[in-house]
Amino acid sequence: MVGNKNEATDDVAIVGGGVGGVLAGAMLAHAGRSVILFEAMDYLGGCSGTFERDGQAYNAGATTLIGLEPPLPLGRLARLLGLSLPAHPVDPALKVHLPDRSVRMCRNREALLAEFSAAFPEDDAEGLWRRAFRVADAAWNIIGDLPPFPPRRTKEYAQAIRLSARLLAEGGLDALRPARRVLSPHVRTGDFLRCLDQLLLITNQAPSREVWFLSAALGLSYTTLDTHTAMGGMGAVVEAFAQKIPNVLKGTPVRRIERQGSGYALHTPRGTYSAPTVILNRDIWGAASLFGPKEPRMEKERPEQHDRWGAATLHFMVGDVFPSGMELHHQIHHDQNPETGSHSFFLSLSHPDDRRLSPRGYRSVTISTHTALSLWEGLSTGVYQEKKERLRDFILSHLFRSIPEFLAAEKGTILVGSPRTFARYTRRTGGTVGGIPLRIRDFPFRYPTFRTPFKNVYMVGDTVFPGQGWPGVAVGAMGLVRHLEPGILL
Ligand SMILES: Cc1cc2nc3c(=O)[nH]c(=O)nc-3n(C[C@H](O)[C@H](O)[C@H](O)COP(=O)(O)OP(=O)(O)OC[C@H]3O[C@@H](n4cnc5c(N)ncnc54)[C@H](O)[C@@H]3O)c2cc1C
């Protein structure tokens with residue numbers, strides 16, 4: 001099937017082995033399509049990959065798996081494909097460290113409400129979260145059944161109308177209100193609002209004043225779903241889905257795509273492959289470059305530049321000095337970080353029993369924080385290195401204050417990453433990550449979709465509808481597969 005120049009023809013060629021490419025490929029292979037997937041790196045996963053450095057393994061970016069229970073998209077896909085994923089439940093899913101207090105975001109709803117009510121006694125956290133639960137429950141009930149977006153076929157319109165009516169009947173009108181309007185009667189202190197906004201940043205990529213309550217409710221209540229840590233790293237979960245794709249070529253970047261008869265030729269260092277259908281698992285800004293230096297039709301599709309976030313990261317091994325049962329995921333809030341513009345960072349520790357990420361009494365640490373891309377542009381090598389050192393020191397000083405065990409613990413080499421690092425290792429254009437924010441003005445109708453101006457060329461990943469993390473990318477991949485295989489039961 002796969003060979004040298006101009007030999008191979010598959011039904012569907014997928015460019016990129018991130019979450020979107022792999023999930024779409026696994027579903028299409030399950031539906032009987034002949035699928036070939038090209039991944040530039042020698043490991044799958046992209047922003048959800050697990051890389052090795054000096055024999056130690058680290059999660060590149062993503063660390064939290066949400067929604068493995070079967071009615072939800074990832075659980076549903078795992079069940080459809082007969083996969084048992086290497087994942088371990090975590091509860092509380094997240095501990096939030098404010099400068100003077102902390103809040104544990106528990107699986108149990110009453111426990112979560114008690115934590116927030118105790119931390120913010122002047123605010124009405126309980127009233128807010130009860131409204132969020134109602135909307136989120138209604139949204140999770142329909143999310144796995146969304147038709148391709150925007151709908152085109154009569155059947156798809158009918159399904160969209162049916163699901164919207166169900167969302168409103170079960171979730172009420174709050175789903176259609178701007179988040180800030182729903183929040184305002186419940187929020188009385190600036191501390192509470194700042195805390196909510198940092199929580200929304202990791203799930204909606206935007207603060208409450210910019211998003212709908214529909215997406216805010218999903219973001220604020222995600223810890224009350226089953227939340228997991230991936231054993232062996234997030235890359236192990238991607239690999240589990242990829243087992244269902246017969247042809248996966250790692251270390252094989254697609255350099256150029258051109259029309260060939262009624263299909264496409266994909267040029268790689270290993271040779272040229274052809275396929276009638278192509279799925280691009282690239283960010284929306286990078287996809288055009290595969291068709292030539294300036295492909296005017298795809299250029300037009302790009303959303304505006306200012307919609308983009310980058311990430312800065314720290315990766316290191318730390319001696320396992322932590323109390324047993326300590327939370328694996330932490331969000332630490334602080335004053336503005338001058339190196340990134342952010343007000344918080346997210347820290348994940350590997351599970352102590354994870355033999356790949358936690359060898360011989362050590363734990364693998366991934367820290368990530370949002371950053372404005374502009375703060376990293378045009379820097380000379382020396383200035384860039386100094387900036388990374390200041391970033392490291394800023395984060396570590398706040399880490400030691402919030403989780404003092406880190407201060408005395410033995411630490412390995414600290415790898416500092418920036419948008420340049422993401423651009424290099426995940427090929428995200430300019431280092432942009434995390435998808436396009438779910439802003440009111442864009443979502444859903446101005447959000448990019450899986451369709452491209454080219455016949456039988458599609459997009460998948462976190463910069464196409466509905467974006468945002470594994471659940472969003474899974475929903476987007478399911479919509480695309482429903483379009484390509486209208487008869488498939490997902
Ligand atoms: C720091 C950080 C933390 C995050 N935390 C979480 C979290 O805890 N939970 C969560 O659900 N989500 C999280 N996310 C979001 C999540 O990681 C992403 O939304 C998701 O992984 C994006 O998947 P994607 O399909 O868009 O692919 P990408 O991650 O963009 O991967 C694309 C892949 O395509 C490959 N590729 C690109 N061009 C080519 C080419 N020409 N030829 C061959 N291969 C190519 C790349 O090498 C890459 O492997 C986080 C993201 C970041 C950056």
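Start by selecting α1 (19-30) and helix α2 (residues 73-81), whose axes come within 11 Å and cross at roughly 35°. Axes here are lines fitted to C-alpha atoms, for helices over the stretch in contact, with angles from 0 to 180 degrees between N-to-C directions. Helices (H or I, at least four residues) and strands (E, at least two) are DSSP runs, numbered from the N terminus.

Show side chains next. Leu23, Ala26, Met27 and His30 of α1 meet Leu77, Leu80 and Leu81 of α2. Contact means C-beta atoms, placed from the backbone, within 7 Å. The contact residues are six nonpolar, one polar and no charged. Nonpolar covers Ala, Val, Leu, Ile, Met, Phe, Trp, Tyr, Cys and Pro; charged covers Asp, Glu, Lys and Arg; the others, Gly among them, are polar.

A word on the model: it is predicted, local features need pLDDT of at least 70, side-chain atom pairs count only at pLDDT 80 or more, and totals for chains, interfaces and linings use all residues. Residues are numbered from 1 along each chain as its sequence is written.

Now select the ligand. Of the 37 residues around the ligand, Gly16, Gly18, Gly20, Gly46 and Gly461 come nearest. A residue counts as near if its C-beta atom, placed from the backbone, lies within 6 Å. α1, β5 (64-66) and α14 (469-484) each give two or more residues to this shell. The shell divides into 14 nonpolar, 17 polar and six charged residues.

Finish at α5 (residues 154-171), a helix of 18 residues.

Definitions and conventions
The expected span of a helix is 1.5 Å times one less than its number of residues. Two residues are in contact if their C-beta atoms, placed from the backbone, lie within 7 Å.
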